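Biologist: I'd like to learn how to read the place where two chains meet. Could you walk me through it?

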Protein chains: 2
Amino acid sequence: MTAQVIDGKAVARQVREDVAKGVEQLVAGGGTAPGLATVLIGDDPASEVYVRNKRRSCVAAGMQDLHRHLPGDVGQAEAAALIDELAADPAVSGILLQLPTPAHLDSESLLARIPAEKDVDGLTTANAGLLAQGRSGLRPCTPSGVMALLDQYDVPLQGVEAVVVGRSVLVGKPMAQLLLERHATVTICHSRTRDLAEVCRRADVLVVAAGIPGLVGPDAVKPGATVIDVGIHRGEEGLHGDVDTAAVAEVAGLVTPVPGGVGPMTIAMLLANTLIAAKAQQGRSD
Amino acid sequence: MTAQVIDGKAVARQVREDVAKGVEQLVAGGGTAPGLATVLIGDDPASEVYVRNKRRSCVAAGMQDLHRHLPGDVGQAEAAALIDELAADPAVSGILLQLPTPAHLDSESLLARIPAEKDVDGLTTANAGLLAQGRSGLRPCTPSGVMALLDQYDVPLQGVEAVVVGRSVLVGKPMAQLLLERHATVTICHSRTRDLAEVCRRADVLVVAAGIPGLVGPDAVKPGATVIDVGIHRGEEGLHGDVDTAAVAEVAGLVTPVPGGVGPMTIAMLLANTLIAAKAQQGRSD
């Protein structure tokens with residue numbers, strides 16, 4: 001293996017520590033500790049684990065845990081009313097609706113009730129529009145986390161060729177916008193792309209968020225490239241990503257492992273967004 | 001010259017005729033003729049010409065011309081009140097604020113008052129978010145016009161390499177989204193792109209919206225490619241675009257002229273958007 005391996009855990013720890021310091025300073029300066037309202041509907045075990053991790057991280061960063069739990073058979077109107085209550089509550093800096101919601105609920109219309117300035121997941125249409133138009137707003141956590149990794153490892157972006165594999169609303173599309181904002185020449189690939197390996201081989205920075213295990217191998221990587229793997233899949237031999245990391249590491253210059261690469265960044269960026277939201281709401285510019 | 005030349009005037013005429021038929025059908029079916037409220041602030045001569053053309057085209061398509069003119073020294077609050085009045089008026093299907101507005105006004109905040117469903121220019125942040133997330137909404141006129149030209153000339157898009165030169169909020173960025181929606185592999189270039197000609201040569205479909213006269217020459221074009229020129233510049237020898245069309249036409253398979261290519265499509269797509277908006281507001285799905 002020749003590539004350097006990105007330590008996502010260490011970068012995430014650094015981001016969390018910076019957020020914790022920012023919270024301290026906000027409170028020391030007369031502000032209020034940011035409050036994160038995680039909203040869990042029903043009892044899906046995986047969702048419970050995710051929400052518990054977010055709440056713990058929020059408390060560890062000195063923020064207020066304003067978690068709310070609704071029963072799985074709650075009606076649309078009642079769920080909407082909760083979002084509206086949190087939207088109006090000045091103690092709530094950020095609202096995170098844990099997805100998926102039970103099938104009988106319209107999660108899109110619930111998400112649409114979250115005000116852009118409290119949308120710490122960065123997933124509402126309003127924040128997607130702000131990102132698309134290059135205006136300030138809350139950015140989606142996973143792509144922001146990738147940017148933080150690239151910055152932490154001093155990966156140059158201006159003028160380089162960046163290729164994003166995958167065009168999801170959660171990752172691929174906002175990822176492309178963030179790389180474009182940093183003046184990369186950006187290509188977006190997807191399932192209809194004709195010769196994926198050929199396009200990927202152009203990339204100085206390759207971000208793979210296709211959701212297909214082992215999709216990208218060494219034939220798709222330019223020597224010395226930075227390869228970021230957003231995929232995460234549970235296989236017989238543990239977790240692995242969209243990239244065949246062991247083989248790619250013989251060609252690439254810098255790679256993320258799975259687990260321990262992009263994964264730990266998502267919650268860290270959620271905390272960072274919650275702090276940004278709280279400061280904006282309390283009239284303290286970032 | 002070997003390339004076929006796209007006849008933007010003919011395609012625009014066809015779109016206008018289709019819109020006029022759609023208006024007739026809407027009215028025949030008991031609906032109301034769409035109303036377009038162009039808003040002109042001040043007396044900029046170029047803006048007056050643009051607005052006059054839009055109003056004429058609107059009337060020619062059987063729509064109501066609901067033009068409003070404010071003096072150049074109008075205050076922000078008064079201009080905002082006019083937008084709010086038009087937003088609330090059921091006779092107004094679409095609102096078009098002619099840009100630029102006088103320098104003392106905040107045009108961004110005026111645009112933000114236009115409801116997404118009446119934003120027939122497709123330029124508000126709300127519609128940019130809908131486009132970015134692949135949801136239905138009103139699309140910006142110029143990029144939509146390019147798509148209409150590509151479709152009229154049966155240019156395949158799925159799986160092809162499309163390159164967009166320029167990343168403006170008005171053209172480049174939405175253009176990339178529209179091409180992606182049609183399953184092209186899309187690359188966005190800009191002023192920081194290292195070897196522009198090399199990147200452009202990959203394109204099966206090349207859309208140039210950089211605002212730089214003659215930026216793209218034959219060295220940047222793959223043989224047989226479709227080259228769409230969104231630029232328009234007034235030179236000593238008349239109008240010309242971002243593409244050196246005469247030279248490029250020796251290499252490309254299909255090219256747009258300037259004038260008479262993309263230009264005529266913009267007003268045609270504005271009319272199409274106004275009809276879409278009117279039908280949606282009157283509860284008639286498209």
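Modeller: Let's go through the interface of chain A and chain B. This is a predicted model, where local features need pLDDT of at least 70, side-chain atom pairs count only at pLDDT 80 or more, and totals for chains, interfaces and linings use all residues. Residues are numbered from 1 along each chain as written, chains are lettered from A in the order written, and side-chain values use heavy atoms, leaving out hydrogens and water.

Biologist: How many residues of chain A are in contact with chain B?

Modeller: Contact means heavy atoms within 4.5 Å. Here, 35 residues of chain A touch 35 residues of chain B.

Biologist: And what area is buried between the chains?

Modeller: Buried area is the accessible area (1.4 Å probe) that two parts lose on being put together, summed over both. Here that's about 3,000 Å², with 45% from carbon and sulfur atoms. In chain A, the residues losing the most area to chain B are A:Gln133, A:Leu180 and A:Arg192, together 20% of what that side buries.

Biologist: How many salt bridges does the rule find across the interface?

Modeller: You look for a side-chain nitrogen of Lys or Arg within 4 Å of a carboxyl oxygen of Asp or Glu. The rule finds four across this interface. A:Arg135 and B:Glu108 meet in a salt bridge, at 2.7 Å, N to O.

Biologist: Which way do the two copies of strand 7 run, parallel or antiparallel?

Modeller: Strands (E, at least two residues) are DSSP runs, numbered from the N terminus, and two of them pair if DSSP finds at least two bridges between them. Strand 7 of chain A and strand 7 of chain B (residues 185-189) run antiparallel, joined by three bridges. A:Val186 stands opposite B:Ile188 there.

Methods: Helices (H or I, at least four residues) and strands (E, at least two) are DSSP runs, numbered from the N terminus.
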